[in-house]
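Visitor: Can you walk me through this one? I have the sequence and the model open.
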Amino acid sequence: MTGVIDLRSDTVTRPDATMLAAMAAAPVGDDVYGDDPSVNALEARVAGLFGKEAGLFCATGTLSNLLGVWLHTPLGGEVLCDQWAHIARAEMGAHGALHGVTMRTWASDRGRLGASDVTALIATGCGPFLVETACVAVEDTHNFGGGTVQDFDQLVELSAAFRAAGVKLHLDGARLANAAAVTGRSFAEYGALFDTVSLCLSKGIGAPVGSVLVGTADNIARARVQRKRLGAGWRQAGVLAAAAAHALDHNLARIADDHAAARAFAEAVNAEAPGTVDLAGVETNIVIVPMADAPATSARLVEAGVRLTTLGPTALRAVTHLDVTLDQCAEAGRIVGAALRG
């Protein structure tokens, strides 16, 4: 829609001319045979960033999460996660439907975990009576929490406790680049705390498609087979891997710009409709805007030139990204605030 400020998600970004040129020039092969040099290079690069042995390039973050949890959780086993975690609410029940995984969840303040609350849920050595905990999955940043960043010290405490209990850890790092921009921690520091990590490249990093799952060489070899079993092997995927590599080269350093744009959006909303957005909750590139009738407001906003995501009957979500400027985000916030003011 020409002229519309699209803040539905950071997945809506499109390749620019330089990224398209990198895609066009990419050497390719058949990835199912392991013959695509661009894919192989991307997988090795991301694995290296996290200090892991190997990586697997997947079409989506949902797929890389599905494989990561599956690696650690036997049929009927349990993964622990936040009650609003992406794997529990936004992956279409795939973990249970396809891999027989059960879930138990914890409550949190906007998705931010407390290590002691989570470790209290560990259930091991239960014999033939109770479901046993096989894996814990942490999301950073937390999507439905409003882009909240996990406290790194809490992650360290969580990792130590779960490893002592013999329970595996998976990090849903869909927007981990945003979290790292806030904490100043490296990907390698995060990788050291988890057995597997999924890094989505098509969100704030700006690639058109893809997520990389990283872990041990043995686990990634197993995940590669399961990816094929699920019908998700692909062929000359190097054109997409080249886009992801270009995004890593050029877009990581600018992630904080999206956080500033989100702040500008939120402040503009509040300037028109005071107190609507909790500014203290705007940590990264996601802003949750509460309101009485989100679907109706969303429809009016499209007519006014702004697109947001409806999270439910009483909230809209705005996500800033590299295809919108700070000024556009501020203008979008003004439009949203005016619509709420009536």
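Visitor: Which strands does helix α10 lie across?
Guide: In this predicted model, helix α10, residues 217-229, lies across β2 and β8. Its angle to β2 is about 20°.

Visitor: And what does helix α2 lie across?
Guide: Helix α2, residues 37-49, lies across β2, β7 (196-200) and β8. Helix α2 runs at about 125° to β2.

Visitor: How do β2 and β8 pair, parallel or antiparallel?
Guide: Antiparallel, over five bridges, with β8 covering residues 211-215.

Visitor: What holds paired strands together in general?
Guide: Strands of a sheet pair through backbone hydrogen bonds, in either a parallel or an antiparallel sense.

Visitor: What's the strand order in the sheet here?
Guide: The order is β2-β8-β7-β6-β5-β3-β4, seven strands in an open sheet with mixed pairing. At the edges are β2 (54-58) and β4 (102-106), each of which pairs on one side only. On average, neighbouring strands of this sheet are turned by 20° against each other, ignoring direction.

Visitor: How many helices and strands are there in the protein chain?
Guide: The chain has 14 helices and 12 strands.

Visitor: Switching to the core. Which residues touch the most other members of the largest nonpolar core?
Guide: Leu-42, Phe-57, Leu-176 and Leu-201, out of 47 residues in that core. Helix α11, residues 238-250, supplies the largest share of this core, with six residues.

Visitor: What does Leu-201 touch?
Guide: Leaving out residues up to four places away in sequence, Leu-201 touches a list that includes Leu-42, Phe-57, Val-212, Ala-244 and Leu-248. Gly-206, Ala-207, Gly-210 and Ser-211 are also among the residues Leu-201 touches.

Visitor: What lies apart from that core?
Guide: Another core, of 24 residues, including Ala-266, Leu-308, Val-324 and Ala-339.

Visitor: Now the whole chain. Why say its radius of gyration agrees with a compact globule?
Guide: Because a compact globule of 342 residues would have a radius of gyration near 20 Å, and this chain has 20 Å. The C-alpha trace spans about 60 × 50 × 35 Å along its principal axes.

Visitor: What percentage of residues count as buried?
Guide: 53% of the 342 residues. The accessible surface comes to about 13,700 Å², and carbon and sulfur atoms account for 55% of that surface.

Visitor: What share of the contacts comes from residues 24 or more positions apart?
Guide: 75%, counting contacts with a separation of 6 or more.

Definitions and conventions. Residues are numbered from 1 along each chain as its sequence is written. This is a predicted model: local features need pLDDT of at least 70, side-chain atom pairs count only at pLDDT 80 or more; totals for chains, interfaces and linings use all residues. Side-chain values use heavy atoms; hydrogens and water are left out. Two strands pair if DSSP finds at least two bridges between them. Helices (H or I, at least four residues) and strands (E, at least two) are DSSP runs, numbered from the N terminus. Axes are lines fitted to C-alpha atoms, for helices over the stretch in contact, and angles run from 0 to 180 degrees between N-to-C directions. Contact means heavy atoms within 4.5 Å. The radius of gyration is taken over C-alpha atoms; the globule rule is 2.2 Å times the number of residues to the power 0.38. Buried means under 20% relative accessible area, exposed over 50%, partly exposed in between (1.4 Å probe, protein chains only). Accessible areas come from the Shrake-Rupley method with a 1.4 Å probe; for residues, only the protein chains shown count as cover. A nonpolar core is a set of buried Ala, Val, Leu, Ile, Met, Phe, Trp, Tyr and Cys residues joined through side-chain atoms within 4.5 Å.
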